[in-house]
Every structure is written in structure tokens, then in C-alpha cells.
Protein chains: 4
Amino acid sequence: MASVRGFLHPKSATGRSSLIPSPPWHYSGDLLTVEYRTDPARVAELLPEPLAPAPDDPGAVAIIWADWQSCSEQAEELLDPVRAQYKECFVVVRCSFAGRTYSRCVYIWVDKDFAIARGLHQGYPKKLGSIHQTRPHPYGKGAPRIAAGGRFGATLAAADRRLAEAVVTLREPSESNGFVNGHPMAHHRFLPSIEPGEPPALDELVESGAAGFEAGQAWAGDAELRLFDSPTEELALLEPDEIIGAYHRQVGVAWNGGRRLA
Amino acid sequence: MASVRGFLHPKSATGRSSLIPSPPWHYSGDLLTVEYRTDPARVAELLPEPLAPAPDDPGAVAIIWADWQSCSEQAEELLDPVRAQYKECFVVVRCSFAGRTYSRCVYIWVDKDFAIARGLHQGYPKKLGSIHQTRPHPYGKGAPRIAAGGRFGATLAAADRRLAEAVVTLREPSESNGFVNGHPMAHHRFLPSIEPGEPPALDELVESGAAGFEAGQAWAGDAELRLFDSPTEELALLEPDEIIGAYHRQVGVAWNGGRRLA
Amino acid sequence: MASVRGFLHPKSATGRSSLIPSPPWHYSGDLLTVEYRTDPARVAELLPEPLAPAPDDPGAVAIIWADWQSCSEQAEELLDPVRAQYKECFVVVRCSFAGRTYSRCVYIWVDKDFAIARGLHQGYPKKLGSIHQTRPHPYGKGAPRIAAGGRFGATLAAADRRLAEAVVTLREPSESNGFVNGHPMAHHRFLPSIEPGEPPALDELVESGAAGFEAGQAWAGDAELRLFDSPTEELALLEPDEIIGAYHRQVGVAWNGGRRLA
Amino acid sequence: MASVRGFLHPKSATGRSSLIPSPPWHYSGDLLTVEYRTDPARVAELLPEPLAPAPDDPGAVAIIWADWQSCSEQAEELLDPVRAQYKECFVVVRCSFAGRTYSRCVYIWVDKDFAIARGLHQGYPKKLGSIHQTRPHPYGKGAPRIAAGGRFGATLAAADRRLAEAVVTLREPSESNGFVNGHPMAHHRFLPSIEPGEPPALDELVESGAAGFEAGQAWAGDAELRLFDSPTEELALLEPDEIIGAYHRQVGVAWNGGRRLA
């Protein structure tokens with residue numbers, strides 16, 4: 001009998017068909033972040049046990065747009081960029097587990113299948129969406145500069161409905177890019193049993209973080225944020241009561257696995 | 001602490017955000033099937049232990065295009081059809097396990113995230129693709145009829161490359177819609193460990209089949225089939241040596257879970 | 001010097017590159033129509049001179065979803081269906097010119113470039129959109145039947161915003177498929193001068209209609225219709241005051257040119 | 001009777017619905033250019049009278065990928081970037097008219113409807129395509145730097161078929177960004193008569209060029225280029241016999257109309 005290879009499905013004799021190669025995975029891109037406070041009860045109800053709300057500022061939320069180019073260690077995707085570029089919008093809250101504070105992505109939309117597959121491994125609850133964010137460019141009137149007064153828009157849609165839109169106006173260089181997404185991620189990986197009524201086939205809590213990080217100057221700014229309702233989404237329940245801050249930063253990140261927490 | 005609900009991620013207090021609702025799932029659509037023989041070694045190398053090649057005709061392959069509309073038990077997706085319609089192209093072989101013959105999908109491309117998610121549960125190794133098949137229609141010159149001489153084209157592309165194309169010309173009514181996809185499906189559900197080098201978090205063999213089925217008259221026809229190479233796909237290794245048959249059939253199917261085999 | 005060939009751009013030595021072939025063009029598809037009354041002033045302001053409002057029921061509007069498969073005389077597109085299938089949603093009013101009543105499309109969204117190009121020739125003011133309508137199917141719970149009680153949803157989005165959604169519930173067979181889209185079309189074909197401030201390079205009024213038509217039984221039904229605002233669209237200004245009727249019909253149509261009116 | 005407003009269709013009482021606003025139009029983006037020589041007869045046959053081949057190097061071709069963000073004078077599109085961002089791949093040759101050398105776009109694919117509409121005005125023969133080019137980024141391993149050794153891939157597909165792919169490796173700063181696309185553009189604007197057999201409704205030769213331009217350092221590099229055949233495209237007839245050069249440059253451009261040549 002044969003063995004089959006591949007980091008993920010579909011497996012084959014060579015492993016070449018796998019939807020994604022094995023980590024490490026490398027990312028270069030721009031992050032546009034809006035941090036705000038919502039009703040802490042809305043955050044708490046998204047945290048399954050054994051997670052608890054973060055001890056301080058438990059209603060803090062970050063909604064982050066990212067315009068990525070990514071690749072595996074061999075980096076061949078970079079020369080066939082349809083396989084390297086994707087965009088995402090994700091919503092992060094904080095939580096507490098075993099005395100430590102974690103970040104946790106509660107909603108996320110991406111626009112490529114390889115990004116969905118990575119999320120499956122990392123525990124990001126990914127759906128497909130249509131994501132756009134203004135790109136900075138050094139020349140012409142078709143783009144803002146990364147400088148005071150630079151204005152960046154960002155939008156999210158899924159299933160032909162707009163779900164979120166933000167406008168961030170850069171104000172000044174900043175020491176941070178926000179605090180909500182600054183901890184290791186605590187995510188669940190879950191798959192129901194194929195047999196109705198049986199316990200899940202997989203239900204585990206995992207931790208992971210960046211295996212490498214470099215970044216340019218972060219900029220802080222002012223933000224407007226609007227969330228819209230949809231029959232299949234609950235993002236709008238995380239209603240913004242107060243904007244904490246907004247940020248733009250160019251980053252390079254590597255990811256290379258994590259560990260099981262529970 | 002909270003509990004969260006939902007058949008799949010993202011989980012929430014209500015379960016409304018889940019990428020897919022719980023089964024049963026209902027499907028109405030048209031199947032265009034081409035069955036052919038390839039080198040049995042190419043099929044065998046895609047069957048991980050404990051699966052073995054089917055005892056008879058072990059090089060038989062079915063490539064199937066399906067143009068689906070689907071919904072959950074409440075059927076509300078049917079009134080918001082962006083959430084109900086999807087297309088897929090999938091490749092099925094047969095295998096043997098514990099003395100029984102199973103069908104097994106070795107490659108599959110779909111064009112919606114909810115279809116990817118259902119595949120995750122059912123063990124279909126889904127990627128995103130761009131799938132098209134000619135639709136029959138009773139009026140006008142813009143479509144074939146489901147009748148002798150009706151010609152149907154079908155194509156598959158992924159990552160901006162064409163991977164497969166077929167043309168099927170209907171010849172006569174048929175008692176069957178082919179034999180390769182006619183058994184219960186034997187699929188693996190797999191997720192690597194979050195910890196590099198550790199055994200998989202999930203690696204199980206599951207069986208499932210239709211929980212309900214109705215169909216119109218099947219038609220048999222003649223087929224041309226071309227498969228194309230790609231850096232990330234191995235479909236073209238299943239080279240067609242001999243066409244067995246081709247079929248068109250309109251079907252209604254229900255799916256409602258399966259059972260664990262190993 | 002060379003001559004170049006092709007019905008439309010890009011022209012080449014052979015004409016094979018043309019975005020669309022020359023007419024006749026053939027269409028097979030399903031139409032879902034909602035007719036309603038809006039403020040007649042909203043219709044009148046969309047009718048440039050020399051057009052005038054229709055003498056009777058001048059506030060009548062039809063919003064029509066169509067799920068098409070189309071081809072040229074040689075029909076080769078039907079075997080490469082990515083080049084044959086498209087969907088559209090269009091809004092039709094009536095107007096009067098030289099003592100005759102015409103239909104006129106004031107807004108239309110399609111999802112393929114060949115459909116945009118045909119509209120350029122025919123005077124349809126096409127934009128790209130994302131259009132979906134429920135498909136009938138004879139088998140399974142994933143689709144309504146074309147029968148009393150059959151429910152069909154239809155949606156329109158553009159630039160990641162939902163612009164319209166309708167639900168039609170079939171009630172009974174009908175002698176007509178509505179009246180607003182039942183006249184020859186009176187459309188403008190327009191292109192500004194390349195020189196700022198100069199008169200248009202083209203500004204003509206043309207008439208066209210079907211060169212061939214066959215259809216199945218029309219069904220009448222009840223409808224809900226919602227229109228949504230957008231920064232770049234004015235569809236929602238045609239606010240529905242009263243639903244006139246709703247219809248479903250399968251049709252085959254041919255189009256083969258028209259004539260210049262003014 | 002009403003007048004209607006708008007730079008292009010659909011026209012309305014306010015002009016807000018127009019697919020594109022009036023020029024000037026502003027662009028910020030990155031250009032990846034491969035210049036090569038093909039059989040001059042293949043270029044000549046694409047030049048309709050009164051155009052003649054360029055007197056020197058008449059087989060020179062530039063294939064250019066561009067990753068744009070664009071806006072009108074008010075720039076509101078930049079805050080709703082789904083309306084500002086698009087990509088294109090276009091093929092430029094040179095020609096001669098009235099003793100002067102012009103550039104001329106013979107094939108072009110874009111991925112947004114507003115870009116199609118601008119092309120209609122400017123005489124670019126636009127189709128929809130799927131276009132990707134590697135983006136430079138200053139951080140991480142997910143992107144090349146704009147520096148010696150930086151490698152950029154670029155691909156073009158349409159109708160689910162890959163049409164072109166290039167890889168450019170930067171070598172050194174360059175004084176130019178190539179010469180084929182360096183002249184004013186000479187384009188035809190064409191629309192057939194609505195009446196079969198009649199002369200075109202519009203068939204004019206127009207000239208236009210940039211109304212504003214700024215740019216960063218151009219880089220020259222080495223290129224590989226592959227063109228692929230398709231039933232509906234003739235790009236592959238412009239077969240590369242010899243690579244002339246390859247370039248990367250970040251530019252800001254404005255466009256504000258042109259003039260009629262013939």
C-alpha cells in the first residue's frame with residue numbers, strides 16, 4: 001500500500017498538490033488597524049471556556065486590514081504572485097488563560113484559498129470576503145504618502161454585502177501599532193464528528209506567535225469606523241462605543257508553528 | 001465563562017456566524033461526468049493505507065462537473081442565492097477497504113467558501129477554482145437541449161491556469177450515470193499538529209453517502225477530455241488512456257453525516 | 001498599409017481577437033421580473049430629450065434579473081461556457097418618441113466583459129456587478145420548481161455593496177411577462193470628445209428589438225423588493241411606491257442590430 | 001423635457017451614476033516592463049491605415065504590467081479603494097503618422113469596469129483579465145526589494161486561460177524605463193453602426209499623453225517572457241525573438257484628454 005505526502009490535502013505521491021506547503025511561512029505587507037472599545041459582554045460571549053476575559057480593558061477590540069504578499073521557505077510563490085498575494089480583514093480581542101493574556105481572532109475574512117488553509121492550521125476562523133485598503137505610494141495623486149495627513153480607507157464585504165468600512169488619517173509617528181493584537185494568539189481548532197450527535201473529532205486550544213518580525217515606523221492616526229449587519233455575520237454586534245486609536249505599519253512576519261495549550 | 005455555538009467556526013453566542021449550518025444539506029443540480037481509464041499505478045499511489053486499489057478496473061477515473069444550488073434544512077439560502085449556488089469539478093477513483101469497494105475523491109475544486117467548509121467536514125480535499133459547464137435550456141439557440149446531439153462543454157481553472165476541459169455529446173438515454181462515483185465515499189479528514197514534528201492532530205478515515213437521492217433520466221454520450229499541467233496540481237498525471245463513457249444527469253441529493261471507519 | 005478586422009476592439013489581421021463577434025447574438029435564459037410604480041418625476045428626469053415620458057403609467061419601472069447563456073452564430077462559445085454564461089440585473093422604464101412608446105434601460109449591471117461590449121453596441125449603460133437569482137430545478141430540495149408556491153430570490157451588488165434584493169413567490173400561470181420591457185428599446189450611444197470642452201464624438205438615439213423570440217409559460221407572482229443606496233448609484237431613487245406584478249419566464253432570444261432614430 | 005448629466009453612461013439628473021467621472025484622472029503605481037523584438041510583419045499587420053510601421057526597430061514590442069491606484073480630481077475613490085485599485089497588462093508597439101512616431105496599445109486587459117470605461121474614452125482596446133505582478137516591500141521575506149537581485153513575477157490570464165508570464169530580475173539603476181511606450185499614444189476609437197452593413201458610427205484616430213508625470217528611479221533587469229495561445233487571443237502571435245530589456249519603475253501619472261488626429 002502507498003503512503004501519500006503533503007502538509008495538507010489533497011495528498012499525493014509527491015506532496016506537490018497540497019493546498020499549502022509546510023511552515024515556515026513568510027509575509028510582507030501593510031497593516032491598517034483601528035482599536036476601539038465595545039460592550040465587554042459582547043467580547044466575553046465570544047470566549048469559550050477555558051478562556052476568560054482579559055483582566056484590563058476587556059471590551060477592547062482591534063479590527064485590522066492587511067494587504068499581504070506571502071510565501072513558503074522556497075519562495076517560489078513570489079514569482080507566480082497569484083499564489084502569493086492576498087488581503088484580509090480580521091477582528092482581534094484579548095482573553096486570559098492560565099494567568100496569561102492572549103490575543104484571539106474572533107472573525108476573519110480572506111480572499112484566497114491558501115489563506116483559508118493556513119487559517120485552518122493556525123485556528124483562524126476564516127471565511128472568504130472582498131477586502132480592500134488604500135495603498136500608500138511615493139508618486140502621484142493616486143495614493144497617500146505614509147506621512148501626517150495621509151488618509152487610508154478600508155472596506156470589507158462578504159456574500160455581496162458590505163460589512164465594515166474605516167477611514168484612518170495619519171497624525172504622527174507612534175511607538176506602537178496598538179495593543180490588542182500584541183499577545184500570542186490563543187485559538188481553537190475544531191472539527192465536528194462525522195457522526196451526528198457524537199463529540200467533536202477535534203477541539204483543541206493552541207497558541208502561536210510570530211517566529212520572526214521586522215517593521216517600519218508605526219504611525220498613529222484618527223479613525224472613523226462603521227460596521228454593518230448581515231444575516232450571516234455578527235461583526236456588527238461588536239459595536240464601537242469609543243475609538244482607542246488607529247495605526248498604519250509596514251511589517252515583515254514569519255510564522256512557524258505553535259503549541260497545544262489544552 | 002461562556003459557551004459558544006455553531007456547527008463550524010467562527011463560533012459565537014448564537015451560532016449564526018458559523019460558516020456552515022449543521023447537516024442535513026440539500027443539493028439540486030446537474031452532473032456532467034466523464035469516465036476513463038488511466039494507468040492504475042497513478043490511482044494506486046493516491047490511496048494511502050489502509051486503502052487498497054479496487055479489485056476490478058483499478059485505473060478507472062471519473063471527472064465530474066457539478067452546477068449546484070444547495071441549502072440547509074431551513075432553506076433560507078435559496079432566497080439569497082449568492083449563499084446557495086456554487087460549481088465544482090471533482091475527480092473520483094475507487095478503492096477497497098475491509099473487503100468493500102468505496103469511491104474516493106482525490107481532487108476537487110469549488111468556487112465558494114461554504115463549499116470548502118462542507119468539504120472539510122466530509123473529507124473532500126477542496127481548493128478554490130473557476131468551474132464552468134454548459135447549461136441545458138429549453139428555449140433559444142444559446143443552450144443545448146437534454147437530448148440526442150446536445151453538446152456540453154466543461155472547464156476547470158485554478159490560480160489563473162486552465163486545468164481541464166471536456167466536451168460531451170449526448171447520444172441516448174442511459175440506465176446509469178457511470179460507476180466510479182457510485183459507491184459510498186471513503187475519505188480522510190486530516191489536520192497536522194500545531195507543533196512541528198508531532199503526529200497529526202486529526203487523521204481519520206470516514207465513510208459517507210447520500211441520505212436522499214432523486215434524479216431525472218441519465219443520458220450517455222461521447223466525450224473529449226484534456227488535462228493540463230500546473231506547478232501546483234497533479235491532475236494531469238491521471239492521463240486519460242481510454243474514455244469509458246460520459247453522462248449527463250439532473251439530480252437532487254441530501255447529505256446527513258457519515259461514520260468513522262478508522 | 002494594413003487593414004485590420006474585427007467587429008469591435010481589439011482589431012487584428014484576422015478579427016479573432018475582437019471582444020465580441022458580429023451579430024446575430026443568441027440567448028437562452030431565465031428572466032425574473034418585478035414591475036412597480038415610482039414617482040413619475042424620478043423616471044422623467046432620466047429621459048433626455050427628445051424622449052418624453054410614456055403617456056400612460058409614466059412611473060412604471062421593471063427591474064429584471066436574467067441568468068443567460070449566449071453565443072454568436074457559430075455557437076462555439078457554448079462549448080467553452082466561461083465565454084457564454086453571464087448574469088445581469090437591469091432597470092427598464094418606458095418613454096415616448098415620435099408618437100411611439102419605447103422601453104429604455106436606465107441602469108444595468110452584468111458580470112462579463114463580452115456583455116459590457118454588447119451593451120456598448122446596443123446602448124445599454126452597463127457596469128460590472130455581482131448578480132444572483134435562484135434557479136429552478138426539477139429535483140431535490142436545493143431549488144424551487146416553476147410552479148405555484150415556488151420562491152425565487154434575486155440580488156444585485158456592485159463595488160462590494162448590495163444594491164437590490166427581491167423575493168418572488170409564483171402564484172399562477174400568466175399571459176404576460178409584464179409590460180414595461182415589452183416595447184422596442186430606445187437607447188443612446190454616447191462617447192465624449194477626446195478634446196475637453198468639445199461636443200461629443202458620438203451621441204445618437206438608436207432603436208432595437210428582438211430578431212427572434214421563443215418562450216415557455218410565464219408565471220405571475222407576488223414580490224418583495226428592496227433597493228439600497230450607494231455613493232455611486234442612483235437606483236434607490238427609483239423608490240418602489242407600489243408593486244404592479246412579478247414574473248418568471250424561460251426565454252430564447254436573438255438580437256441582430258437595430259436602426260438609428262436620431 | 002429633461003437633460004441628463006454624466007461624463008459617461010449611465011446618465012442621470014445629477015451625473016453621479018456615471019461609470020467614470022470627467023478627467024483629469026490620477027494614477028499612482030508600479031510598472032513592470034519587458035521590451036522585445038518580434039517579426040515586424042506581426043506588428044505591421046496590427047496597424048490600420050493611415051498608420052505605418054515606425055521607421056526604426058519596427059518589430060519592437062513592450063509588454064507592461066501595472067498595479068494602479070487611481071482617482072478623479074476629488075480623489076474620493078481613494079477612501080473606498082475597491083473603486084480606486086486595478087491592475088492591467090498591456091502590449092504597446094510603435095507606429096508612424098504624419099511624420100511622427102507614436103506609441104500604440106494593441107492589446108490590454110484590466111480587472112475593473114471603471115478601467116474599461118476609461119479605455120473606451122482613451123482608445124485602449126480593453127478586455128477583462130486577471131493580472132498579477134510581484135509587489136516590492138521593504139520588510140520581510142514575502143517580497144523583493146527594489147534593488148539589484150530583486151525578482152518580480154508577472155502573469156496575465158483571461159477566460160480562465162493563462163496568456164502571459166514574465167520574470168524580471170533587477171540588475172542596476174537605469175536612465176530609462178524603455179522606449180516603446182515613450183511616445184504619445186495614437187489610438188482608434190470605434191463603434192460599429194447599429195444598422196448592419198452601414199459604415200461605423202465612430203471611427204476616429206486620437207492622440208493623447210500624460211498631463212503630469214513623476215517617477216522614482218528606474219531599474220533595468222533581465223527578463224524571461226512566455227506567451228500562450230488561446231482561441232480568442234492573438235497575443236502569442238507577437239512571439240518574442242529577442243529580449244531588448246526589462247524595467248521596474250514607480251510612477252505617478254495624470255491624464256487629461258487628447259486631440260483628434262484623423
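**Exercise 1. The surroundings of H26(A)**

Task: State in which element H26(A) lies, whether H26(A) is buried or exposed, and which residues H26(A) touches.

Solution. Step 1: H26(A) belongs to strand 1 (residues 25-37) of chain A. Strands (E, at least two residues) and helices (H or I, at least four) are DSSP runs, numbered from the N terminus. This is a predicted model, in which local features need pLDDT of at least 70 and side-chain atom pairs count only at pLDDT 80 or more, while totals for chains, interfaces and linings use all residues. Residues are numbered from 1 along each chain as its sequence is written, chains are lettered from A in the order in which they are written, and side-chain values use heavy atoms, with hydrogens and water left out.

Step 1: The relative accessible area of H26(A) is 7%, so this residue is buried. Buried means under 20% relative accessible area, exposed over 50%, and partly exposed in between (1.4 Å probe, protein chains only).

Step 2: Contact means heavy atoms within 4.5 Å. Leaving aside residues up to four places away in sequence, H26(A) touches Q69(A), S70(A), C71(A), S72(A), E73(A), V253(A) and A254(A), and also K141(D) and G142(D).

Step 3: With E73(A), H26(A) makes a polar contact between side chains, at 2.8 Å. A polar contact is a pair of N or O atoms within 3.5 Å; within protein, one must be able to donate a hydrogen and the other to accept it, and residues adjacent in sequence count only if both atoms are side-chain atoms.

**Exercise 2. The interface of chain B and chain D**

Task: Describe the contact of chain B and chain D by residues, area and salt bridges, and state how the two copies are related.

Solution. Step 1: Chain B contributes 8 residues to the contact, and chain D contributes 8 residues.

Step 1: The size of an interface is often given as the accessible area lost when the parts come together. Here the two chains bury about 670 Å² between them, with 29% of it on carbon and sulfur atoms. Buried area is the accessible area (1.4 Å probe) that two parts lose on being put together, summed over both. In chain B, the residues that lose the most area to chain D are D160(B), R161(B) and R162(B), together 77% of what that side buries.

Step 2: The rule finds 2 salt bridges across this interface. A salt bridge is a side-chain nitrogen of Lys or Arg within 4 Å of a carboxyl oxygen of Asp or Glu. R161(B) and E165(D) form a salt bridge through their side chains (3.7 Å, N to O). There are also 8 residue pairs in polar contact between chain B and chain D (both at pLDDT 80 or more).

Step 3: Strand 7 (130-133) and strand 9 (161-174) of chain B each supply at least two residues of the side that touches chain D. Strand 9 of chain B gives the most, with 3 residues.

Step 4: Chain B is superposed on chain D by a rotation of 180° with 0.0 Å of shift along its axis (RMSD 0.0 Å). The copies are thus related as by a two-fold rotation axis. The superposition is by least squares on the C-alpha atoms of residues with pLDDT of at least 70 in both. Of the interface residues of chain B, 100% are also interface residues in chain D, so the copies meet through the same surface.

**Exercise 3. Backbone geometry**

Solution. Step 1: Most residues other than glycine have a negative phi, and most peptide bonds are trans.

Step 1: P50(A) lies in the loop between helix 1 (40-44) and strand 2 (52-53) of chain A.

Step 2: D160(B) sits in the loop between strand 8 (151-158) and strand 9 of chain B, and is buried at 15% relative accessible area.

Step 3: A98(D) lies in the loop between strand 4 (85-97) and strand 5 (100-110) of chain D, and counts as exposed at 70% relative accessibility.
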